[in-house]
Amino acid sequence: MNKQHRQAYLAIKETSQGKRGAVTKLLAVVGVSRQAYYKGLKREETAWEARDRRLKERTQHWFDFHHQGIGAGNLLVNLQHDESITFEVTHKMVRRVMRELGLKCQIRVKKTQSPKS
C-alpha cells in the first residue's frame, strides 16, 4: 500500500467519526472499495517496511549530522558501522533512500580549468 492510500484511510477514519454514511461518500470520492479501506486500516507493517523505515531514519540522522555534506559512499560507511542497523546495507539501498528523501550532498568538488595548449 502506498503512503497516499494510508493517509487517505486515516483521514476518512477521523472525518467520519459518528457521522452516518460519511464513510461511503468519502470512499466514493477517493475511489476505493469498502473492503480495501477496512483491510488497509488493519494492515500491519511488514519486516521489509520496518527495515526500510529504520534505514531512512538513520540515513537522515547521518546526513544531518554531517551538515548535508556527505554523499552516498560515505553515508554507506557510516551506516555499516552504525550499531542500530542490524542488516546489510548496500550502496544501491543508500542511493534509493537518498533519492526518496530528496537528499543531495551540498558540497561539490570545484572543477579546475585546464590550460589551453
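Analyst: A term needed at the outset is "helix": a helix is a DSSP run of H or I with at least four residues, numbered from the N terminus. On that basis, Met98 is found in helix α6. Please note that the model is a predicted one.

User: What makes Met98 count as buried or exposed?

Analyst: The term buried requires a relative accessible area under 20%. Met98 has a relative accessibility of 7%, and therefore it counts as buried.

User: Which residues are in contact with Met98, apart from its neighbours within four places in sequence?

Analyst: Contact means heavy atoms within 4.5 Å. With those neighbours left aside, Met98 touches Thr59, Phe63, Ile70, Gly71, Ala72, Leu75 and Leu103. For Gly71, the separation from Met98 is 27 residues in sequence, and the C-alpha to C-alpha distance is 9.2 Å.

User: Why are α4 and α6 called roughly perpendicular to each other?

Analyst: Helix α4 (residues 47–65) and helix α6 (residues 91–101) pack at an angle of about 75°, and their axes are 10 Å apart. Angles of 65 to 115 degrees count as roughly perpendicular. The two helices α4 and α6 are therefore roughly perpendicular to each other.

User: Which residues of α4 and α6 meet?

Analyst: From α4, the residues include Trp48, Leu55, Thr59 and Phe63, and among those they meet in α6 are Met93, Val97, Met98 and Leu101. By class, the contact of α4 with α6 comprises seven nonpolar, two polar and five charged residues.

User: Why is the protein chain called more spread out than a compact globule?

Analyst: The protein chain has six helices and zero strands. Its radius of gyration is 22 Å, whereas the globule rule gives 13 Å for 117 residues; the value is well over the rule, so the chain is more spread out than a compact globule. The C-alpha atoms fill a box of roughly 80 × 40 × 20 Å along the principal axes. Buried residues make up 27% of the 117 residues.

Technical notes
Residues are numbered from 1 along each chain as its sequence is written. This is a predicted model: local features need pLDDT of at least 70, side-chain atom pairs count only at pLDDT 80 or more; totals for chains, interfaces and linings use all residues. Side-chain values use heavy atoms; hydrogens and water are left out. Axes are lines fitted to C-alpha atoms, for helices over the stretch in contact, and angles run from 0 to 180 degrees between N-to-C directions. Angles under 35 degrees count as roughly parallel, over 145 as roughly antiparallel, 65 to 115 as roughly perpendicular and the rest as oblique. Ala, Val, Leu, Ile, Met, Phe, Trp, Tyr, Cys and Pro count as nonpolar, Asp, Glu, Lys and Arg as charged, and the others, Gly among them, as polar. Buried means under 20% relative accessible area, exposed over 50%, partly exposed in between (1.4 Å probe, protein chains only). The radius of gyration is taken over C-alpha atoms; the globule rule is 2.2 Å times the number of residues to the power 0.38.
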